[in-house]
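User: I'd like to go through this model and ask where its labels come from. Could you walk me through it?

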Amino acid sequence: MPREIRVAIAGIGNCASSLVQGTEFYRTAQKKIGLMNDKVGPFKVSDIRFVAAFDIDERKVGKDLSEAVYAEPNNTRKIVQARPIGVKVQMAQPLDGISPIAGDKIQQSKAKPSNITKVLEDAKTDVLVNLTPTGASKASEMYAQAALQAGSAFINATPARIASNKVWQSKYKKKGALVVGDDIMDQIGSTVLHKNLLSLLVDRGIQIGETYQLDIGGGTESQLALDKKRYEIKRGIKTAAVAAAVPYKFPIVAGSSDFVDFMENRRTSYFWIKGEYFAGTDFTLDMRISLEDGPACAGILTDVIRMVKLAAGKDQRGALNAVSSYGFKAPPKRVPLENLNQELGWMPKGPRPN
Ligand SMILES: NC(=O)c1ccc[n+]([C@@H]2O[C@H](COP(=O)([O-])OP(=O)(O)OC[C@H]3O[C@@H](n4cnc5c(N)ncnc54)[C@H](O)[C@@H]3O)[C@@H](O)[C@H]2O)c1
């Protein structure tokens, strides 16, 4: 098996920026700190090679991917100065990628949209990562269809219903290609913390009374959260992912609540839990975390990309339930992480909460 993973990206925003910069960082880093897994099967992060990229913003289209990742309105931190990659960002059809609420953030390019399937085929793409904005369901479907036609695997990091949609699952299975998603679950972020906190409390015999998780941030994605209707799908996915940690129904609210532009790509999440322990004694837990979205997204994507390549080598086809449960909030089917062994013939070292 050649040790190269040929990756295309749709949507060169903050997540893509951290993914491209982080891949460059780990290529040369002396210490591999901050990675969930140094190796996934035989694959290192440095085996990831970017071969195609798509966006719709004139500040990104036509630029080398290594330049486009720093273009405005991206506002995630600069990790490294990326070396030229030799991949020009191609124009795509915007469809619903420009939201009414954050429309002023995008300056639409006048370039002609490329033939995505052909670009993916010509680049011999192993996997297309969809990083278009929340609410861009039609654009996400356009990329899912192009990857399917090209026979590339599809990673849906967005909340659009692709991997969790039975129609897409069977199309990918029939083609013999792989699909994982939906809505990436950060390496460290509000959902993974909240659900594991609740899971710990349930294991300790605590009766959960009520809980909320609210956050404010400054990326375009946080601005989109102000459009309650468009963001409904994301809120629903977050709530369902957290609620799945508790085996009974209880009042829960989980989702982004406000946009503060000077926070740039940072996000602060507030957690509140009320419950009862021994003999009905009540307690409350109040916690908050501040972090940056782009690197939190890239931290898990680097694992998922390598897992998908590993699964392709094992002749898997269709939706990958274990990889999706490991890396996403809305997997096609929520399964225990031990199933990774079955799906990939590989498991992360040590206990891994999902
Ligand atoms: N930690 C995280 O950041 C995180 C966590 C979970 C899920 N996600 C999901 O990842 C996705 C990307 O998040 P982000 O913060 O990088 O967003 P972003 O707004 O920074 O970037 C989105 C990019 O998509 C481009 N775009 C819009 N329409 C397009 C189209 N039709 N074709 C190609 N490109 C198009 C925009 O120009 C922009 O460059 C979102 O759907 C988000 O919900 C992110």
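User: Which domains does the domain assignment of the protein give?

Analyst: There are two: domain 1 covers 5–185 + 295–344, and domain 2 covers 190–293. The bounds come from an automatic or database domain assignment. Bear in mind that this is a predicted model, where local features need pLDDT of at least 70, side-chain atom pairs count only at pLDDT 80 or more, and totals for chains, interfaces and linings use all residues. Residues are numbered from 1 along each chain as its sequence is written.

User: How far apart are the C-alpha centres of the two domains, and what makes up the contact?

Analyst: The C-alpha centres of domain 1 and domain 2 are 25 Å apart. Domain 1 puts 23 residues into the contact and domain 2 puts in 24, where contact means C-beta atoms, placed from the backbone, within 7 Å. On the domain 1 side, H9 gives the most, with 3 residues. That side has 11 nonpolar, 7 polar and 5 charged residues. Here Ala, Val, Leu, Ile, Met, Phe, Trp, Tyr, Cys and Pro count as nonpolar, Asp, Glu, Lys and Arg as charged, and the others, Gly among them, as polar.

User: How do you know where the ligand sits relative to the domains?

Analyst: Domain 1 and domain 2 both give residues to the shell around the ligand, so the ligand lies between them. The shell has 35 residues, and Gly-11, Gly-13, Gly-97, Thr-158 and Cys-297 come nearest; to be near, a residue needs its C-beta atom, placed from the backbone, within 6 Å.

User: Which elements each supply at least two residues of that shell?

Analyst: H1, strand E4 (48–55), helix H7 (220–224) and H9 do. Helices (H or I, at least four residues) and strands (E, at least two) are DSSP runs, numbered from the N terminus. H9 has the largest share, 4 residues. By class, the shell splits into 19 nonpolar, 10 polar and 6 charged residues.

User: Why are H1 and H9 called oblique?

Analyst: Their axes cross at roughly 60° and come within 8 Å, with H1 spanning residues 14–28 and H9 residues 293–313. Axes are lines fitted to C-alpha atoms, for helices over the stretch in contact, with angles from 0 to 180 degrees between N-to-C directions. Under 35 degrees counts as roughly parallel, over 145 as roughly antiparallel, 65 to 115 as roughly perpendicular and the rest as oblique. H1 and H9 are therefore oblique to each other. Their contact includes Asn-14 and Gly-22 of H1 and Cys-297 and Leu-301 of H9.

User: What makes the crossing of H6 and H8 left-handed or right-handed?

Analyst: A crossing is left-handed if the near helix is turned anticlockwise from the far one by less than a right angle, and right-handed if clockwise. The H6 and H8 crossing is right-handed. H1 also passes H9 in a right-handed crossing.

User: Where are the cis peptide bonds, and which residue has a positive phi?

Analyst: Pro-73 is in the loop between helix H2 (65–68) and strand E5 (89–91). Another joins Gly-181 and Asp-182, at about -5°. Asp-183 has phi near 65°, positive in a residue other than glycine. Most residues other than glycine have a negative phi, and most peptide bonds are trans.
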